[in-house]
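Welcome, and thanks for opening the viewer.

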Amino acid sequence: MYRLIFYFALKETIDLSKFPVDRIRNFCIIAHIDHGKSTLADRLLEITGTVSKTEKNKQVLDKLQVERERGITVKAQTASLLYNHQGQQYLLNLIDTPGHVDFSYEVSRSISACQGVLLIVDANQGIQAQTMANFYLAFEAQLSIIPVINKIDLKNADPETVESQIEKAFDIPRAECIRISAKLGTNVENVLQAVVDRIPPPPVSTDGPFKALVFDSSFDHYRGVVANIAVFGGRVRRGDKIVSAHLGKAYEVNELGLLRPEEHPTQKLFAGQVGYIIAGMKDVKEAQIGDTLYLQEQPVEALPGFKRAKAMVFAGIYPMDQSEYPGLRSAIERLTLNDSSVTVQRDSSMALGAGWRLGFLGLLHMEVFNQRLEQEYNASVIVTAPTVPYKAILSSAKLIKTRRAVQKNMVYIDDQRVMIKYLFPLNEIIVDFYDLLKSLSSGYASFDYEIAGYQAADLIKLDILLNGRPVEELTTIVHTDRAYSTGKAVCERLKDSIPRQLFEIAIQAVIGSKVIARETIKAYRKNVLAKCYGGDITRKMKLLKRQAEGKKKMRRIGNVEVPKDAFINVLKRKDK
Amino acid sequence: MIKRTFPAVRRVLSPGVRYFSGRDTTEDVCDGTDSPHDTKQASLYVHWPYCLRRCSYCSFNKYIAREDNSHIMTQCFQRETETLLQLSQVSSITSVFFGGGTPSLAHPSTVAAILEAVSKHVNLFDKAEITLEVNPTPVGMSKLKDFCHAGVNRVSIGVQSLQDDDLIFLGRDHSCHQALQTIEEARRLCPGRVSIDVMFGRPRQSIESWENELSELLKVCDDHVSLYQLTLERGTQLFKQVQRGEVAVPGDDVTAEMYQCARRTLHQHGFLQYEVSNFARHNAVSHHNMSYWKGRQYIGVGPGAHGRFVPLGEGGVVREARIQTLEPDVWIREVQQRGHGTRRRIQLHHLDVRLEEVLVMGMRTTEGINHKHWELFSPQLGLHEVFGKSNDVQELLQSGQLILDDRSLRCSWDGLAVLDSILPALLVELETKILQRRQRNHSSDGQTEQASSPR
């Protein structure tokens with residue numbers, strides 16, 4: 001660590017202002033999962049570190065090793081790299097969100113601060129769904145695209161075919177592809193050269209008024225909000241009074257600097273540079289992603305920014321036990337501080353008690369969030385089935401197959417690969433579609449989606465009754481064609497989870513006043529242990545005490561006692 | 001060595017009778033200790049661990065004897081009986097029950113030796129109920145007379161079924177004919193004190209065949225019948241057969257009907273049900289088993305036997321649940337080395353633990369728990385106070401499954417069949433009330449409760 005600081009301290013002697021805009025490049029790495037994004041980022045960091053003339057290569061590598069040993073691998077993060085090319089020093093800003101979540105919203109955030117992308121494709125797997133999605137994002141943003149074929153060291157690598165795919169799918173000449181092995185470092189240097197040669201410098205001017213785009217933010221308990229910004233014009237320095245275009249609130253810059261990828265304080269940031277800024281913001285909501293920052297005395301027109309991250313998947317999150325509510329609340333608060341895209345609404349279910357309805361950008365997002373809740377905060381939570389926002393009930397939508405999908409187009413990427421586009425209702429893909437697709441295609445198919453907006457559909461409210469009493473937390477909105485099967489499934493799950501009682505229990509799924517499914521739990525006619533003598537008492541008492549404990553946790557609906565497990569069984573997402 | 005006690009020769013006090021001692025009864029009950037009237041007597045259970053073969057449904061603690069070790073067994077039974085009697089400091093044994101296993105495989109002299117050991121140290125009345133479980137085999141039958149000479153005055157015969165097919169399938173070592181003969185012989189030896197065990201819910205059994213079987217039994221039986229629904233116990237051969245789908249047992253509705261049908265039939269024949277599984281006419285109830293349901297002390301002797309008593313002999317004041325070592329060989333070694341084979345001792349410290357047992361066991365009887373009996377264990381919280389106001393209990397009372405009146409808290413005819421669905425509600429209520437009371441006492445700054453308990 002000491003050496004590292006020393007190393008950067010030396011670098012600090014280089015005045016950032018001496019980087020003319022034409023020697024700055026802003027780029028990001030986009031890839032399908034596991035195609036080697038982080039590995040390439042690691043390599044780029046290493047290489048730009050090792051070219052330093054004043055330092056021994058080994059030390060930089062050592063530092064990275066130590067980091068790895070501690071489990072803090074240098075993930076693709078925002079990092080400013082110093083790179084010498086043909087006698088000139090360049091500032092290469094590798095922009096990426098530090099997220100754990102890989103979806104297009106995040107990618108588009110990084111892309112908007114860039115002029116070029118490295119599009120990584122696995123030499124073995126070829127173009128996959130996210131490769132396509134990310135390509136289009138970059139293409140639409142009119143960025144320079146550098147195709148990088150990774151993992152050429154693998155036995156089954158077939159860069160030839162992948163190049164053909166790239167040519168065919170993206171209309172990029174195969175000659176522009178760079179074949180590398182990020183793992184071994186093969187040809188990675190060429191990537192850096194291509195960044196300098198093929199990506200244009202940011203179209204900005206240091207002369208104009210200060211203007212910066214907030215493309216990410218995180219929260220630090222000691223310093224408040226840390227906003228990652230791309231400076232699009234002018235300069236900013238410590239002590240400047242800046243204003244958030246979104247809120248119109250003014251702040252004083254306390255600290256700013258480069259990300260390498262660690263925070264590296266500097267005195268100023270100039271147009272074309274990317275870095276972080278701390279300005280006394282107390283809430284991540286004050287550093288709205290996509291917001292524009294400017295100097296108080298020099299107002300500018302806000303940058304186009306981003307569409308507000310719109311939650312598309314909702315899940316009810318409840319503590320396993322109500323006594324865990326305060327702990328879970330603080331865990332959620334802390335996690336959402338660093339992830340402003342999660343919407344939080346308080347909610348309560350009569351079955352599960354007080355909890356929250358959280359909105360996520362996607363399923364993966366939700367899963368990561370829940371996993372972090374459990375792993376980092378040791379919170380045991382009940383996750384109820386995600387729901388999708390519906391707008392209105394108008395008329396019938398066309399149905400194709402069971403998933404109500406409409407095929408939009410079909411393109412053969414090569415003779416072995418086909419890309420089919422469907423329009424799906426979101427609720428059809430939200431729970432298990434991806435898993436089903438993977439298992440049906442033995443893992444070969446890949447899948448990506450974007451939100452196509454609201455569509456009219458024929459939806460209906462489905463109520464569940466226990467002995468005539470509605471169970472409000474089980475009320476759902478379903479497609480008319482699914483009402484019967486959903487109702488039936490819920491009734492069956494309930495039947496399996498509610499223990500027999502002293503009276504008959506009718507479980508009904510109802511639409512309006514029409515019963516569409518029914519299950520009956522018969523009353524106990526006999527429930528008594530036959531033998532209970534001297535040797536049986538201990539065992540019998542244990543059994544009964546357990547039942548008595550369970551009884552306390554039951555929820556009563558009318559006269560029916562329902563174990564919490566029953567709700568969990570019905571509400572929770574089905575395991576894979 | 002065993003401390004000789006010289007109990008006064010007098011009728012054993014019934015538990016309802018006030019027993020005077022220097023200690024404050026109210027205080028004792030409050031902190032969970034047994035009141036003296038309870039600790040002066042106990043029943044004795046003797047477990048004979050051996051069987052000739054394994055029944056396909058049985059998960060009891062039993063062993064197939066490899067050799068005749070009856071001499072050592074006898075010595076150990078005697079030794080352990082003496083040790084535990086001394087430990088309990090009881091002055092009398094109210095009843096003895098020889099169970100198993102197959103205790104009728106034991107030598108009558110073993111039974112005699114154990115009874116001798118008992119009466120050598122404590123009061124064992126001539127009229128005390130001494131029950132022996134008997135397998136209705138020719139050997140078992142031939143020894144009946146000697147068992148009676150040894151002191152046995154009540155016989156419980158494991159008939160199980162009157163269908164030879166079923167007896168074979170269940171792995172029993174007797175035939176229907178032998179069972180009938182044994183019943184006859186036992187009735188001759190112990191008239192009015194013969195019980196038969198019968199099992200229903202057997203594989204392939206129908207309601208009709210059960211009805212027929214019952215009427216056959218009623219022709220031959222004496223004044224006591226125990227009916228047990230066959231339960232599938234993990235680890236038994238039958239359990240595996242049912243799991244594998246090789247054998248089907250009647251469904252819940254069928255066994256429920258069998259039970260109701262048997263209760264009706266027995267009732268018509270003058271048998272009063274006095275417990276979930278037990279029926280008697282001419283008041284021939286099993287006093288030994290009644291003492292379990294009344295929450296009285298009992299001493300367990302033999303491999304795997306359970307006991308519940310206050311070990312006054314070592315200065316104990318709290319009732320303990322005691323379990324003897326399971327394996328006969330190990331048990332023998334332990335008894336030889338330290339006089340007893342008690343493997344586990346669980347102190348039943350708290351008042352609520354005792355009360356819970358009183359409740360759970362008492363509710364199994366048709367007379368339920370009368371107010372006086374409850375007051376012995378819970379002088380401060382009466383049955384009405386605990387259960388009278390609860391919504392759950394009110395529902396049970398209204399649905400007619402539970403009865404709470406001036407006499408007692410008890411199950412109705414219908415309620416008894418679903419007792420295990422009723423008990424959790426009662427236990428929750430009991431726990432709540434005890435907790436409330438405790439909190440109130442705490443908040444009233446440790447005021448004594450003496451005044452609130454007129455006795």
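Which residue in E17(B) is the bridge partner of Ile369(B)? Select Leu409(B): that is the residue in E17(B) bridged to Ile369(B).

Before moving on, a word on what you are looking at. This is a predicted model, in which local features need pLDDT of at least 70 and side-chain atom pairs count only at pLDDT 80 or more, while totals for chains, interfaces and linings use all residues. Residues are numbered from 1 along each chain as its sequence is written, chains are lettered from A and ligands numbered from 1 in the order in which they are written, and side-chain values use heavy atoms, with hydrogens and water left out.

**Stop 1: a sheet in chain B**

Stay with E17(B), residues 408-411, which is joined to E15(B) by two bridges and runs antiparallel to it. Strands (E, at least two residues) and helices (H or I, at least four) are DSSP runs numbered from the N terminus. Now show the open sheet of three strands, ordered E15-E17-E16 in chain B. Its edge strands are E15 (369-370) and E16 (402-404), each of which pairs on one side only. Two strands pair if DSSP finds at least two bridges between them.

**Stop 2: a sheet in chain A**

Switch to chain A and trace the eight strands E11-E10-E16-E7-E8-E15-E12-E13, an open sheet with antiparallel pairing. E11 (250-252) and E13 (263-266) of chain A each have a single partner strand, so one side of each lacks a neighbour in the sheet. From one strand to the next, the twist averages 40°. Within this region, pick E12 (residues 255-259) and E15 (residues 274-278) of chain A, an antiparallel pair with three bridges. Gly257(A) sits opposite Tyr276(A) in E15(A).

**Stop 3: two helices in chain B**

Next, select residues 108-121 and 138-150 of chain B, which are helices H4 and H5; their axes come within 8 Å and cross at roughly 15°. Axes are lines fitted to C-alpha atoms, for helices over the stretch in contact, and angles run from 0 to 180 degrees between N-to-C directions. That crossing angle makes H4(B) roughly parallel to H5(B) (angles under 35 degrees count as roughly parallel, over 145 as roughly antiparallel, 65 to 115 as roughly perpendicular and the rest as oblique). Show side chains for Pro108(B), Val111(B), Ala112(B) and Leu115(B) of H4(B), which make the contact with Lys143(B), Asp146(B), Phe147(B) and Ala150(B) of H5(B). Contact means heavy atoms within 4.5 Å.

**Stop 4: a helix from each chain**

Now bring up H13 (residues 537-552) of chain A and H18 (residues 419-443) of chain B, with axes that come within 8 Å and cross at roughly 70°. H13(A) is therefore roughly perpendicular to H18(B). Residues that meet here include Lys540(A) and Lys545(A) in H13(A), and Asp420(B) and Glu431(B) in H18(B).

**Stop 5**

Select Phe135(A) and Phe139(A), which both lie in H5 (residues 129-140) of chain A, four residues apart, about one turn of the helix.

Finally, find Ala523(A) in the loop between E27 (514-521) and H13 of chain A. The C-alpha atoms of Ala523(A) and Leu502(A) are separated by 5.1 Å, although the two are 21 residues apart along the chain.
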